[in-house]
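Biologist: I would like to learn how to read a protein model step by step, beginning with the overall layout and then going on to the details. Could you take me through one?

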Amino acid sequence: MAADEARHAELAWSVIEFCIAAGGPSVCAALLRTAREIQAAQLSVPRGPGRDMDLSAHGFLSDAEVTDAFTRARARLLKHVAALVDSAPGRGLPPAERIAC
(Lines give C-alpha, C1' and ligand atoms only; values in the text may rest on other atoms or scores of the structure.)
Protein backbone atom coordinates (compact mmCIF):
# COMPACT_ATOMS: atom_id res chain seq x y z
CA MET A 1 0.00 0.00 0.00
CA ALA A 2 2.82 2.41 0.85
CA ALA A 3 4.49 1.80 -2.52
CA ASP A 4 1.22 2.54 -4.28
CA GLU A 5 0.82 5.81 -2.36
CA ALA A 6 4.42 6.75 -3.19
CA ARG A 7 3.65 6.27 -6.91
CA HIS A 8 0.58 8.49 -6.55
CA ALA A 9 2.67 11.21 -4.92
CA GLU A 10 5.32 10.92 -7.64
CA LEU A 11 2.63 11.28 -10.31
CA ALA A 12 1.20 14.34 -8.55
CA TRP A 13 4.60 16.07 -8.53
CA SER A 14 5.01 15.21 -12.24
CA VAL A 15 1.69 16.91 -12.96
CA ILE A 16 2.80 19.98 -11.01
CA GLU A 17 6.08 20.07 -12.97
CA PHE A 18 4.09 19.93 -16.22
CA CYS A 19 1.82 22.75 -15.06
CA ILE A 20 4.82 24.92 -14.21
CA ALA A 21 6.38 24.25 -17.62
CA ALA A 22 3.12 24.94 -19.46
CA GLY A 23 1.84 27.86 -17.40
CA GLY A 24 4.98 29.79 -16.56
CA PRO A 25 5.19 32.56 -13.97
CA SER A 26 1.47 32.80 -13.26
CA VAL A 27 1.36 29.10 -12.33
CA CYS A 28 4.54 29.51 -10.27
CA ALA A 29 3.00 32.42 -8.36
CA ALA A 30 -0.25 30.54 -7.72
CA LEU A 31 1.64 27.45 -6.59
CA LEU A 32 3.82 29.42 -4.19
CA ARG A 33 0.82 31.33 -2.84
CA THR A 34 -1.03 28.07 -2.16
CA ALA A 35 2.03 26.47 -0.56
CA ARG A 36 2.42 29.48 1.74
CA GLU A 37 -1.26 29.25 2.72
CA ILE A 38 -0.86 25.57 3.54
CA GLN A 39 2.29 26.30 5.55
CA ALA A 40 0.56 29.07 7.52
CA ALA A 41 -2.70 27.18 8.14
CA GLN A 42 -3.51 26.30 11.69
CA LEU A 43 -3.53 22.56 12.20
CA SER A 44 -6.44 21.11 14.06
CA VAL A 45 -5.81 17.53 15.11
CA PRO A 46 -9.01 15.51 14.87
CA ARG A 47 -9.85 13.78 18.09
CA GLY A 48 -11.56 10.44 18.04
CA PRO A 49 -12.93 8.19 20.74
CA GLY A 50 -10.32 7.03 23.20
CA ARG A 51 -7.79 9.72 22.28
CA ASP A 52 -7.31 10.48 25.96
CA MET A 53 -5.66 7.06 26.33
CA ASP A 54 -2.14 6.08 25.29
CA LEU A 55 -2.74 3.88 22.26
CA SER A 56 0.85 3.86 20.98
CA ALA A 57 1.11 0.11 21.56
CA HIS A 58 -1.64 -0.25 18.95
CA GLY A 59 0.04 1.96 16.36
CA PHE A 60 -1.80 5.20 17.12
CA LEU A 61 0.14 8.45 17.25
CA SER A 62 -0.41 10.95 20.02
CA ASP A 63 -1.88 14.34 19.15
CA ALA A 64 1.60 15.88 19.55
CA GLU A 65 3.10 13.31 17.16
CA VAL A 66 0.37 13.95 14.58
CA THR A 67 0.90 17.70 14.85
CA ASP A 68 4.67 17.25 14.47
CA ALA A 69 4.24 14.99 11.41
CA PHE A 70 1.92 17.48 9.71
CA THR A 71 4.25 20.38 10.52
CA ARG A 72 7.22 18.55 9.00
CA ALA A 73 5.19 17.51 5.94
CA ARG A 74 4.07 21.09 5.31
CA ALA A 75 7.67 22.32 5.57
CA ARG A 76 8.80 19.65 3.07
CA LEU A 77 5.97 20.66 0.74
CA LEU A 78 7.08 24.29 0.78
CA LYS A 79 10.72 23.37 0.12
CA HIS A 80 9.74 21.04 -2.75
CA VAL A 81 7.50 23.67 -4.36
CA ALA A 82 10.22 26.33 -4.03
CA ALA A 83 12.76 23.98 -5.62
CA LEU A 84 10.43 23.21 -8.53
CA VAL A 85 9.74 26.89 -9.14
CA ASP A 86 13.42 27.81 -8.88
CA SER A 87 14.42 25.06 -11.31
CA ALA A 88 11.88 26.07 -13.97
CA PRO A 89 14.14 27.43 -16.73
CA GLY A 90 13.05 30.93 -17.68
CA ARG A 91 9.74 30.35 -15.98
CA GLY A 92 10.46 31.03 -12.33
CA LEU A 93 9.72 34.16 -10.40
CA PRO A 94 11.97 37.12 -9.73
CA PRO A 95 13.99 36.65 -6.50
CA ALA A 96 11.81 39.17 -4.64
CA GLU A 97 8.77 36.91 -5.10
CA ARG A 98 10.48 33.68 -4.08
CA ILE A 99 10.42 32.22 -0.63
CA ALA A 100 13.31 31.28 1.58
CA CYS A 101 13.18 27.76 2.89
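This is a predicted model: local features need pLDDT of at least 70, side-chain atom pairs count only at pLDDT 80 or more; totals for chains, interfaces and linings use all residues.

Biologist: How many helices and strands does the protein have, and what pattern do they follow along the sequence?

Modeller: The protein has 3 helices and 0 strands, and so the pattern read along the sequence is α-α-α. Of the 101 residues in the protein, 19% are buried. Among contacts with a separation of 6 or more, 67% are accounted for by residues 24 or more positions apart.

Biologist: What span is expected for a helix such as α3, and what span does the helix reach?

Modeller: One compares the distance from the first C-alpha to the last with the value expected at 1.5 Å a residue. Helix α3, residues 63-87, has 25 residues and reaches 36 Å, close to the 36 Å expected. Helix α1 has 22 residues and reaches 31 Å, which is close to the 32 Å expected.

Biologist: At what angle do α1 and α3 pack, and which residues make the contact?

Modeller: Helices α1 and α3 pack at an angle of about 40°, with their axes 10 Å apart. An angle that lies between 35 and 65 degrees counts as oblique, and α1 and α3 are therefore oblique to each other. The crossing in which α1 passes α3 is right-handed. On the α1 side the contact is made by Trp13, Ile16, Glu17 and Ile20, and on the α3 side by Leu77, His80, Val81, Leu84 and Val85.

Biologist: How are α2 and α3 arranged, roughly parallel or roughly antiparallel?

Modeller: Their angle is about 165°, with the axes of α2 and α3 9 Å apart. Because angles over 145 degrees count as roughly antiparallel, α2 and α3 are placed in that class. Helix α2 passes α3 in a left-handed crossing. In α2, the residues Cys28, Leu31, Leu32, Ala35, Arg36, Ile38 and Gln39 meet Arg74, Ala75, Leu77, Leu78, Val81, Ala82 and Val85 in α3.

Biologist: Where does Leu32 lie, and is this residue buried or exposed?

Modeller: Leu32 lies in helix α2. Since buried means under 20% relative accessible area, Leu32 at 2% counts as buried. Leu32 and Ala82 are 50 residues apart in sequence, yet 7.1 Å apart in space, C-alpha to C-alpha.

Biologist: How many disulfides does the count come to?

Modeller: A disulfide is a covalent bond between the sulfur atoms of two cysteines. Using a cut-off of 2.5 Å between the sulfur atoms, the count comes to 0 disulfides. As for individual cysteines, Cys19 is partly exposed, with a relative accessible area of 33%, whereas Cys28 is buried, with a relative accessible area of 0%.

How values were computed
Residues are numbered from 1 along each chain as its sequence is written. Side-chain values use heavy atoms; hydrogens and water are left out. Helices (H or I, at least four residues) and strands (E, at least two) are DSSP runs, numbered from the N terminus. The expected span of a helix is 1.5 Å times one less than its number of residues. Buried means under 20% relative accessible area, exposed over 50%, partly exposed in between (1.4 Å probe, protein chains only). Axes are lines fitted to C-alpha atoms, for helices over the stretch in contact, and angles run from 0 to 180 degrees between N-to-C directions. Angles under 35 degrees count as roughly parallel, over 145 as roughly antiparallel, 65 to 115 as roughly perpendicular and the rest as oblique. A crossing is left-handed if the near helix is turned anticlockwise from the far one by less than a right angle, and right-handed if clockwise. Contact means heavy atoms within 4.5 Å.
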